[in-house]
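Please open the structure in your viewer and keep the selection tool at hand. The stops below can be taken in order.

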Amino acid sequence: NRVASEKDRLSFEGQSEFSFRNPEGIRFHILAFSRTIGCRQAGVPTLEHTWFPGHAWSFCVCGRCRMHLGWYYAGPSEFAGLIRDRIVRAAVVMN
């Protein structure tokens, strides 16, 4: 399922890729996007344990299979952080 476009990659404070650990110690490598296509917001936004100060997060799940793909962030700016290992970069093959 197409979930984002490379043209929508977002630079947040000079970076578009981040690496964070959650409170359980699990490391996530995420890519920032200004918008998504096939993700759906899930859960109530919260500021608890946010990786981006001033931005509340909620889950971003695949609109087709409901797999957790990352997080939506809302605050001074809005964006999605998608887990690098859970998305595949596709290339268009021309014949």
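This tour of a predicted model moves from a strand to a histidine and ends at a pocket.

Begin by selecting strand 6, residues 79–83, where five of the five residues are buried, so the strand is largely enclosed by the rest of the structure. If you show its side chains, Phe-79, Gly-81 and Ile-83 point one way, while Ala-80 and Leu-82 point the other way.

Now select His-55, in the loop between strand 3 (39–46) and strand 4 (56–62). Is His-55 buried or exposed? Its relative accessibility is 3%, and because buried means under 20%, His-55 counts as buried. The side chain of His-55 is joined to that of Ser-77 by a polar contact of 3.0 Å, and among the other residues that His-55 touches are Phe-12, Thr-46, Tyr-73 and Phe-79.

Finally, turn to the second largest pocket, whose volume is about 220 Å³. Of the 13 residues that line this pocket, select Asn-22, Pro-23, Trp-51, Trp-57 and Trp-71, which are the closest to its centre. Strand 5 gives the most to the lining, with three residues, and the lining as a whole divides into seven nonpolar, four polar and two charged residues.

Terms used
Residues numbered from 1 in each chain as written. Predicted model: local features only at pLDDT ≥ 70, side-chain atom pairs only at ≥ 80, totals over all residues. Heavy atoms only, no water. Helix = DSSP H or I, 4+ residues; strand = E, 2+ residues; numbered from the N terminus. Buried < 20%, exposed > 50% of the residue type's maximum accessible area, 1.4 Å probe, protein only. Polar contact = N/O pair within 3.5 Å; in protein donor to acceptor, adjacent residues only side chain to side chain. Contact = heavy atoms within 4.5 Å. 1 Å grid on protein atoms, 1.4 Å probe; cavity = no way out; pocket = protein on both sides within 12 Å on 5 of 7 lines; lining within 4 Å. Points joined across faces, edges and corners; volume = space filled by probe spheres on them. Nonpolar A, V, L, I, M, F, W, Y, C, P; charged D, E, K, R; others polar. Lists of a residue's contacts leave out its neighbours within four places in sequence.
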